[in-house]
Amino acid sequence: MLILGFLGVFGLTKAKAQDDLLSILNEEQSKEPVYTMATFKASRLINGQSIETISKNHLNFWISHRFGAVNSGFVANFFGLDEAKIRLGLEYGLTDQWLIGAGRSSLDKTYDVYTKYKLFRQSNKFPVTVTGLAGWAINTMETGFAMQSGSEMRFNNNLERYSYWGQTLIARKVNEKLSLQVMPTFLHYNKVEDPSLANDLWALGVGGRYKLTKRFTLSGEYYHSFTDPGTYEATIGKSYPYHDAISVGVDIETGGHVFQLHFTNSRGMIENQFIGQTVGAWEKGDIFYGFNIARTFSFDKGAKHKDK
């Protein structure tokens, strides 16, 4: 009986020690952040950027098209499909949180470069993901060309062709289906087409996605520019030519590809164009059909080795 009692006490003590150890392990694990994954399907929402970066040593190749206006007629322009603007772009992941990118757009023959860094990540310890974005573009059109607004643009030197932008992208994955993002934005143009227009522009974007299936997602974004058109209208004597950019679309993910199909009132595909220089108005039928295609390539030899 003494031996049985000793064994019982020993068993209870051992079980309690195991429970205490598990409790300590669980407590330690609870202190570690669990990061949210795949807030959005791609590094772009529609026209604008999402909070997402790409993995280290991975390369994204972007092909973006914007056709003509849907209200341009069937016979004259086949509802806009007879014409198109295109942007080709590359993004490369320096780290899992930091990428660099560059592209060339046929609209105003514009070259752009940018960098994006994920500052904070949503987790069980932090409610949102915060990503910083900075970009630069140069317009390479011949001086004296007509802008989308109809105004003539003349450059006296190459510095006047530059424009810059900065954004803070803040997003939250609310649940497995819904993700939301806000985008405070600052733009600067070294040269504008008329002195009555401001060289500096503040804007606020909002956007999001709703996941319908594993590979099919609805998306939308809206950018409001904080401009006062009164000075322009009083000086020029006509309505302010630019509008807020509104876009809606769908994302389709197929392995290493992401297809983004959408309707937008902007033909611009970089921030200085679609945020500050959108001439289309949805209420007038100035709607452009467009798409983005992203293909990801891996240069991570370690990842390839692991797959073997």
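Predicted model: local features only at pLDDT ≥ 70, side-chain atom pairs only at ≥ 80, totals over all residues.
Good morning, colleagues. Residues are numbered from 1 along each chain as its sequence is written, and side-chain values use heavy atoms, with hydrogens and water left out.

Let me begin with the overall fold. The protein chain has five helices and 14 strands; these are DSSP runs numbered from the N terminus, with helices being H or I of at least four residues and strands E of at least two. Of the 308 residues, 41% are buried, where buried means under 20% relative accessible area, exposed over 50%, and partly exposed in between, with a 1.4 Å probe and protein chains only. Among contacts with a separation of 6 or more, 61% join residues 24 or more positions apart; a contact means heavy atoms within 4.5 Å.

I turn to the aromatic rings. Rings of Phe, Tyr and Trp (its six-membered ring) pair if their centres lie within 6.5 Å; planes under 30 degrees apart count as stacked, over 60 as edge-to-face, and the rest as tilted. This rule gives 11 aromatic pairs. One of them joins Phe-67 and Phe-291, a tilted pair at 6.1 Å centre to centre, with 45 degrees between the planes. Phe-67 belongs to strand β1 (residues 58-69) and Phe-291 to strand β14 (residues 288-298), so this pair links parts of the chain 224 residues apart. Phe-67 is buried at 14% relative accessibility, and Phe-291 is buried at 17%. Tyr-240 and Tyr-242 form an edge-to-face pair, because their planes lie at 85 degrees, with ring centres 5.8 Å apart. Ring pairs also link Phe-67, Phe-263, Tyr-289 and Phe-291 into a cluster.

Next, consider Thr-278, in the loop between α4 (271-274) and β14. Is this residue buried or exposed? Thr-278 counts as buried, at 1% relative accessibility. A polar atom of the Thr-278 side chain lies 2.6 Å from the backbone oxygen of Phe-274. Beyond residues up to four places away in sequence, Thr-278 touches several others, including Tyr-242, Asp-244 and Asn-265. Tyr-242, from the edge-to-face pair, is itself buried, with 10% relative accessible area.

Ser-196 is buried at 16% relative accessibility. Its side chain makes a polar contact of 2.4 Å with the side chain of Asp-194; a polar contact is a pair of N or O atoms within 3.5 Å, and within protein one must be able to donate a hydrogen and the other to accept it, while residues adjacent in sequence count only if both atoms are side-chain atoms.

Finally, the largest pocket has a volume of about 780 Å³. A pocket here is an open set of points on a 1 Å grid over the protein atoms alone, where a 1.4 Å probe fits, with protein on both sides within 12 Å along at least five of seven lines; lining residues have an atom within 4 Å of a point. Volume is the space filled by probe spheres set on the points, which are joined across faces, edges and corners. Of the 33 lining residues, Ala-38, Phe-40, Glu-52, Thr-53 and Ser-55 are the closest to the centre.
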